[in-house]
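Read it with the sequence and the 3D view side by side.

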Amino acid sequence: MDNTVRSQLFRKIIDNDLCSKCGTCIGVCPVNAICYDSNKDIPIISPNAECINCNRCYASCPGQGFEYRKEKKDREVLVGSPLLFAETYAKDETIRKNGTSGGSVTALLAYLLDLRIIDKAVVLSLGESDRPNINILSSSNEISQSHQQSKYYSAPLNLAIKDILSSEEKWAVVGLPCHIQGINKAIKTIPSLKDRIVIKLGLFCGYTVSKEAPLALRRYLGSDLNSRLLGWRKGEYPGYVTFEHNHDIRKMLIYDAYCIMNVFYANERCFYCIDGTNQFADLSFGDIHTFGNKSNVTIVYSEKGKELLQDAEKYIHVEVFDKTDKRYSCVDGIIQAKRIKGLYNIRLKRGGVPINDICFSDIKESLSPKGRMFLWIQRTLTNVVRKKYILEILEKKPKLQMIIGRYIYTYPSRVLALRGLRYIRSKLRK
Ligand SMILES: Cc1cc2nc3c(=O)[nH]c(=O)nc-3n(C[C@H](O)[C@H](O)[C@H](O)COP(=O)(O)OP(=O)(O)OC[C@H]3O[C@@H](n4cnc5c(N)ncnc54)[C@H](O)[C@@H]3O)c2cc1C
Ligand code: SF4
Ligand code: SF4
Ligand code: SF4
């Protein structure tokens, strides 16, 4: 039996569906003993290199959980000690227009590159065959529309740790919570990374999806299966998942797409994830869906992030708000929903869980027995429809797949709404 650390990583994390596909293990490996299989969308054992048991990969892997309590030292562990909340957007009209939300992430990267506070930034663009491209920017002139916008497939962005380690330059990284957790763990394992990564810009995150998701959306839209994915959030806010084939454009509202993407094709690891707002980044950015405009809801998590937001005033509009402001409900909703769902799912998972140092008992009182029942039903239904043979049947009936996905994704609000309607109807009849 192979007892290397590498095989332990594969046994405990990858084969146990706990891999978030962040790429950290590959980025930190000094001998390239792990590589990424883009077709399978998962790390694989490199056939050409032996593991030297340095333990870097295992120690840096966010898939095995994260020590929230230890990292935050008893401050607001579950929320992540935010210093400020703000609504922000890029002052450059093109960056704001091309952005997912307010273009703040890209505006800050432009600022950091223009003032040479960083030499390089790691970003993601749309690649061919429904796969992402990891790009390294050296100047704000290189920023293009394709670097903006959220891409909902997982991306092994932390492969870039290899580039960061092989240079003496200053870097900014942009990533989802699992990328940023991976970076933070890697810094502990390889301290020289700390001086090179000068800022960590985080994105809020609900889910990422497997590469089967765009195919399912094409089937639902009746688009050619070889059509090109032009964007996940293209066009007017909140944006449309958009495909093109021989000038035939098919698109669907992102909120509708979530019903198929997040129920049937969300990466399994995302069900056990509890960090919705990227608590370990310096600054973190999400959407203000509620207001329907192109703005970011922004959380400042470190003094460094606070300084950056103040210094970049020529590039970014900032309006600070506090917990009494109605915009805060957007942040709170994301924190609560993800945390409760994640911890409850961890509790339900048999045979191996990510070892966070907070657990369901920490939030037990915030979930009523009824709420717990709803979560259990939603999770059980999700597990059932994700079973291979059921999924294969549903994939042949895309409209039915959408109806079921919508029901489960919005559960229990649809059930309650139907019950409410029935109740009103019965009252009217009387
Ligand atoms: C998978 C995913 C899930 C999200 N879920 C939520 C959510 O539930 N609630 C919420 O409020 N906000 C969520 N967001 C964040 C939101 O969609 C915006 O990304 C955020 O508001 C920043 O917008 P912007 O206009 O400032 O960024 P832009 O200027 O458009 O720049 C986008 C940046 O994101 C990077 N990026 C794009 N896709 C990925 C990816 N898959 N992995 C890592 N980096 C990527 C790009 O490299 C670019 O730097 C999610 C984002 C992603 C990628
Ligand atoms: S979660 Fe990231 S570091 Fe862990 S195994 Fe997966 S790709 Fe590697
Ligand atoms: S990082 Fe170290 S322990 Fe992990 S696979 Fe590479 S050599 Fe082995
Ligand atoms: S939900 Fe969590 S594990 Fe999944 S992609 Fe987002 S941050 Fe990573």
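The model is predicted.

- Three strands form an open sheet in the order β8-β9-β10, and their pairing is antiparallel.
- At the edges lie β8 (228–234) and β10 (248–253), each of which pairs on one side only.
- On average, neighbouring strands of this sheet are turned by 15° against each other, direction ignored.
- Strand β9 (residues 240–245) runs antiparallel to β10 and is joined to it by 6 bridges.
- Tyr240 has Leu253 in β10 as its bridge partner.
- Helix α11 (residues 254–264) packs on the sheet, where it touches β8, β9 and β10. The direction of α11 makes about 80° with that of β10.

**The helix pair**

- The axes of α11 and helix α17 (residues 398–409) come within 8 Å and cross at roughly 80°.
- Angles of 65 to 115 degrees count as roughly perpendicular, and α11 and α17 are therefore roughly perpendicular to each other.
- Residues of α11 in this contact include Tyr258, Ile260 and Phe264, while those of α17 include Met402, Arg406 and Tyr409.
- By class, the contact of α11 with α17 has 8 nonpolar, 3 polar and 1 charged residues.

**Around ligand 1**

- Ligand 1 is surrounded by 31 residues, of which the closest are Gly99, Thr106, Val123, Gly206 and Gly286.
- At least two residues of the shell come from each of α6 (104–114), β4 (120–126), β6 (171–175) and β11 (283–287).
- The shell around ligand 1 divides into 13 nonpolar, 16 polar and 2 charged residues.

Terms used
Residues are numbered from 1 along each chain as its sequence is written. Chains are lettered from A and ligands numbered from 1 in the order in which they are written. This is a predicted model: local features need pLDDT of at least 70, side-chain atom pairs count only at pLDDT 80 or more; totals for chains, interfaces and linings use all residues. Two strands pair if DSSP finds at least two bridges between them. Helices (H or I, at least four residues) and strands (E, at least two) are DSSP runs, numbered from the N terminus. Axes are lines fitted to C-alpha atoms, for helices over the stretch in contact, and angles run from 0 to 180 degrees between N-to-C directions. Two residues are in contact if their C-beta atoms, placed from the backbone, lie within 7 Å. A residue is near a molecule or strand if its C-beta atom, placed from the backbone, lies within 6 Å of it. Ala, Val, Leu, Ile, Met, Phe, Trp, Tyr, Cys and Pro count as nonpolar, Asp, Glu, Lys and Arg as charged, and the others, Gly among them, as polar. Angles under 35 degrees count as roughly parallel, over 145 as roughly antiparallel, 65 to 115 as roughly perpendicular and the rest as oblique.
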